Amino acid sequence: MNLPEHGSEDVSSILAVELVQKPVKTIKGIHQVEPDANIYWLIDVEFSGFTLSDEDILQLLKGYIVYGHVHDLQIWTSVGRRPAGECHYDKICICMDIFDNVEMQIRLEEAKVTDFMNTLPARFEEKGTVRVLPREDAAHARAKAEKLQAFVDQEGEREHTVMLRLVADQGQSYRGVDIWDVMLSLGMEWGDMDIFHAHHHGPGGYDELFSVHTGTDPGFFWLSTLAEDRFADLIFSMDAVRTVQPQAVFEAMWKGAEYARARLGGTLVNEQELPAVQEDYLRQIQEMEDRLSEFGCRAGEDVVMFLF
């Protein structure tokens, strides 16, 4: 049985979310991006009377995260090979690690950074004279790293995934073809990891809001057999800490799950297999947002994405 390309109705407005995101500024095809002072120790290198290209910098500083100040546009952007064409920079900013987001621990060796800064002029001597100007001293960099460590110590062991489970009535199951129709009617897309995704298309790009998988083995949906397969449940989930405006996104996910329940039948339950209560979820998300706020952060921000 072939699966249809469209749902039997269009209720995609159920999942509509207005997200307030920082607009991406582009000048002559170049994205304006500032180096992130929250997660790196930033070292500026100013060029005296010369400019360097992306390729020049990549060769001189292989393995480092570098931002460049575009000479003719007077903006910062990420240094790298770009489809929009080569840039020429009159200064750069090197991002030195202060925190390891894999081992989740401080990664700052002040003596090595100092040695690195002292050797920078020699790296550029064939190009010209440079000035090395760290944006902060070692004590401030250490204080930032310790703040990140405290943040991780508080949040690292907490569960940030929010899940709603739609369970079929006893003795019943959901037909794959019906699930397909519900997901497409909601405007969701089957894709990565062979599950369904709800996306937001905005000025900041293409963001995933939430996804739908299943607890029935193997946990995802094979397109080749979906029309004939049957499933005991659908699991709606979102990563609240990595989501901009997580309460608004959760409310959209809840509406989507309610629509699926109305179409397919069954019961919405939480992770403890108890009846799901929308207000309980919203309270938990608010508590998470309050904890992030104590560290001057919001869900979905770059520093939060870096850590979690």
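**Rings, cysteines and pockets**

User: About how many helical turns separate F250 and W254 in helix α5?
Analyst: F250 and W254 both belong to helix α5 in this predicted model. They are four residues apart there, so the distance between them along the helix is about one helical turn.

User: Is F250 buried or exposed?
Analyst: Buried means a relative accessible area under 20%. F250 has 0% relative accessibility. F250 therefore counts as buried.

User: And W254, is that residue buried or exposed?
Analyst: The relative accessible area of W254 is 11%. The limit for a buried residue is under 20%, so W254 is buried.

User: How many aromatic pairs does a search of the whole structure find?
Analyst: Two aromatic rings pair if their centres lie within 6.5 Å. With the whole structure searched, the number of aromatic pairs is 14.

User: Are the rings of Y64 and F116 stacked or tilted?
Analyst: The centres of the two rings are 4.8 Å apart, and the planes of Y64 and F116 meet at 25 degrees. Planes under 30 degrees apart count as stacked. The pair of Y64 and F116 is therefore stacked.

User: How many residues apart are Y64 and F116?
Analyst: Y64 is in the loop between α1 and β5, while F116 is in helix α2. The pair thus links distant parts of the chain, and the two residues lie apart by a count of 52.

User: Are the rings of F250 and W254 stacked or tilted?
Analyst: The ring centres of F250 and W254 are 6.1 Å apart, with the planes at 50 degrees. Stacked pairs have planes under 30 degrees apart and edge-to-face pairs over 60, and the rest are tilted. At 50 degrees, the pair of F250 and W254 is therefore tilted.

User: Which residues form one aromatic cluster?
Analyst: The cluster has tryptophan and phenylalanine residues. Its members are W180, F196, F221 and F231.

User: How many disulfides does the count come to?
Analyst: The sulfur of C95 has its closest cysteine sulfur in C93, too far for a bond. By the rule of a sulfur pair within 2.5 Å, the number of disulfides is zero.

User: Are C93 and C95 buried or exposed?
Analyst: C93 has a relative accessible area of 0%. C95 has 5% relative accessibility. The buried class is under 20%, so C93 and C95 are buried.

User: Which residues are closest to the centre of the largest pocket?
Analyst: The largest pocket holds about 1,600 Å³ of space. Of the 46 residues that line this pocket, the closest to its centre are K22, V244, G300, E301 and D302.

User: Which element gives the most to the lining of the largest pocket?
Analyst: Elements that give two or more residues to this lining include β5, α3 and α6. The element that gives the most, with five residues, is β15.

User: How many charged residues are in the lining of the largest pocket?
Analyst: The lining divides by class, with 24 nonpolar and eight polar residues. The number of charged residues is 14.

User: Which element gives the most to the lining of the second largest pocket?
Analyst: The second largest pocket has about 430 Å³ of space. Its lining has 19 residues, with T161, V162, E271, Y281 and Q284 nearest its centre. The elements that give two or more residues are β11 and α6. With seven residues, the one that gives the most is α6.

User: Is T243 buried or exposed?
Analyst: T243 is in the loop between β17 and α5. Beyond residues up to four places away in sequence, T243 touches L209, M238, V249, A299 and G300. With 7% relative accessibility, T243 counts as buried.

User: Which residues is Q245 in contact with, leaving aside neighbours within four places in sequence?
Analyst: Q245 is found in the loop between β17 and α5. Q245 is partly exposed, at 26% relative accessible area. Its contacts beyond those neighbours are E18, L19 and V20.

Key. Residues are numbered from 1 along each chain as its sequence is written. This is a predicted model: local features need pLDDT of at least 70, side-chain atom pairs count only at pLDDT 80 or more; totals for chains, interfaces and linings use all residues. Side-chain values use heavy atoms; hydrogens and water are left out. On a 1 Å grid over the protein atoms alone, a cavity is a set of points where a 1.4 Å probe fits but cannot get out, and a pocket is an open set with protein on both sides within 12 Å along at least five of seven lines; lining residues have an atom within 4 Å of a point. Grid points are joined across faces, edges and corners, and a volume is the space filled by probe spheres set on the points. Ala, Val, Leu, Ile, Met, Phe, Trp, Tyr, Cys and Pro count as nonpolar, Asp, Glu, Lys and Arg as charged, and the others, Gly among them, as polar. Buried means under 20% relative accessible area, exposed over 50%, partly exposed in between (1.4 Å probe, protein chains only). Contact means heavy atoms within 4.5 Å. Rings of Phe, Tyr and Trp (its six-membered ring) pair if their centres lie within 6.5 Å; planes under 30 degrees apart count as stacked, over 60 as edge-to-face and the rest as tilted.
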